Amino acid sequence: MTSILTADGEIYEDEETLKRKFQLYVDVAGDILRGTGETERWLGKDGAALAGENLTHIIARQSLFLSSEIIFHAASGERLKPCQIVLKKPTGGNAGFKLKGEHLPQQDEFKLEFTQDPGMDIGDDEFNSVKGLANSVSGHLADNPDTDLDLTFVEIGDVEALARDMTVNKGEIDDFTREIEDRLRRDSISPDAVSRVENGKYGVVHENGADLKAMQQDLQGLAERVDPSGRLLNVATKTIELDSDGIDEADIVDAVEHAAREFADQGLDAIIFDTLSDSHASYMDKKRDQTEMLVRALAENLLTVAYQSVVDAHLWKTDHLLAEFRADFEEDGLGAEEILKIVSGNLELRAQIDEAQVKFISGGDWLEGLTVAISLDIHSLATRDMLANLLAFADRAGDRHVVLRIGGLTPEIVEKIDALKILQDSGFALALKSEEIGAQDEEKLKRLPADYVILDENLVSSETALNANLNMLIEMAKRCGANGKTLMFEGISSGEVAKLISKIPGSVASGPYFGNAIESFEELRYPMKVKGKS
């Protein structure tokens, strides 16, 4: 192993580490002055060519709001504590980097040092998820046009039950999971071609003809080591051919996402097709049936409401409840996520759903005394007198409080939409997505028409991911609080992550960890926080 002394006087163990590093020097506005190190490899340009670009141009959407802290530290001259950030790759997709920064007073500039983290090489969505697998398949098909690829779903068994088994400790489970994933990568087309869609359930992209029998035997051996009786773990696989000819990229993502979701929810028995084409046809049939079901629900006023708790984890009290609209039929139904997916890209149908939500809060038929949130698309505010109906409700709202979660924005238009400020001034609290509002300096943060900022779920994908940015998030929560804004975390599924979030005063969180959706006040798991009190 070779030690290398760099121009900065730092010693690195090997050349590979240097290949993953580059430095950017920025001014107080976040404009890049120059770059050094491996900028061409990671950003597609040499250091001199980056001069004049703003830092926000290279940062992926999910990290744009986090970059607000970089800009603040550059302006204040304070040292930026180590954190993680996601940048756009010049070839498409994103890559994660460890980041630290310091002010150089002699040059009056701020130095940022990036070190690529192989464990954070991700796409536009969380890698270990249904969507992450869909993006992985699409990307590997595009990168390997002359190679016949397959997708194998691998079911290890009930890993959740194993985690609850008192005879197996957390360290053993972590080691087992790492060994399983390492073995899957040996047969995958590349190290990033393995996605965990659920605990104990994986999707692996690999070349046609890979020795899956040997892989399954090795995985079964690992399973028997921690569960000798086979009571909880038993390895099984199902392979589908990735015949992508004639299917465009968006349809590939939809087809794989459909198959992966069925697999995550129901296991291998749900994978009844052998090819990507069959999966796509199945998805299109399902989407048509669900759309017809939703249209019927709207026409016959069959939408129902359940509430997800949004919790102040620092106080362990309910901050507000998110109203989730569902369609219930005797023979079938649609959940909140399914409805949002059906109306995605269909502005007319989305507007009808949003009208139903506004009608719901206007009727006042919700849990008395509780603050309730609904989710609206920005395009709906321009249709069918919706803004007027919301303002009419605000005039007679009295003690009823409503949070409007507005989606469909971009950083360029947030400050230009008068409707947001009008709604806020009328008494509504607004919640905006961090990736849709972008980086905020101190002045922009003050003007931002938002009471809540919804952070990207990647930040809480694991205890490790959250820990890496905990100091930055605590500072950000303080800065947002001073400007009348609350950070909102979503997708919390573990107690370890919830405990870390409890260390961030002035933030709220939601997700499976905080309980199932409720339909009555009696089911409320955490007492309601009285506004203005702690």
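Before the first item, a definition: a patch here is made of residues with over 30% relative accessible area and no salt bridge, and like charges are joined within 9 Å. Asp and Glu count as negative. Please also keep in mind that this is a predicted model.

D158, E160, E198, D265, D332, E337, E338 and E457 gather on the surface as a patch of negative charge. Take E337 as one of them. E337 sits in helix α10, residues 336-343, and is exposed, with 66% relative accessible area.

Now the overall layout. The chain is divided into domain 1 (3-116), domain 2 (130-287) and domain 3 (305-320 + 355-523). Between the centres of domain 2 and domain 3, taken over C-alpha atoms, there are 34 Å.

Next, salt bridges. Side chains of opposite charge can pair when their charged atoms come close. The structure holds 29 salt bridges.

K238 and D274 meet through their side chains at 2.8 Å, N to O. This pair links distant parts of the chain, 36 residues apart: K238 is in strand β11 (residues 233-241), and D274 is in the loop between α8 (249-266) and α9. K238 is partly exposed at 22%, and D274 is partly exposed at 45%.

R350 and D354 form a salt bridge too, at 2.9 Å, N to O. How far apart are R350 and D354 in helix α11? They are separated by about one helical turn, because they are four residues apart in that helix, residues 347-363. R350 counts as buried at 13% relative accessibility, and D354 is buried at 0%.

Last, two backbone angles. D108 is not a glycine, yet has a positive phi of about 55°. D108 is in the loop between β6 (94-104) and β7 (109-116), and counts as exposed at 55% relative accessibility. N301, a residue other than glycine, has a positive phi near 55°. Where does N301 lie? N301 is in the loop between α9 (276-299) and β12 (303-312), and counts as exposed at 61% relative accessibility.

That is the end of my part.

Methods. Residues numbered from 1 in each chain as written. Predicted model: local features only at pLDDT ≥ 70, side-chain atom pairs only at ≥ 80, totals over all residues. Heavy atoms only, no water. Domains from an automatic or database assignment. Patch = residues over 30% accessible without salt bridge, like charges linked within 9 Å, V, L, I, M, F, W, Y side chains within 5 Å. Areas by Shrake-Rupley, 256 points an atom, 1.4 Å probe, with all protein chains shown as cover. Salt bridge = Lys/Arg side-chain N within 4 Å of Asp/Glu carboxyl O. Charge placed at Lys NZ, Arg CZ, Asp CG, Glu CD. Buried < 20%, exposed > 50% of the residue type's maximum accessible area, 1.4 Å probe, protein only.
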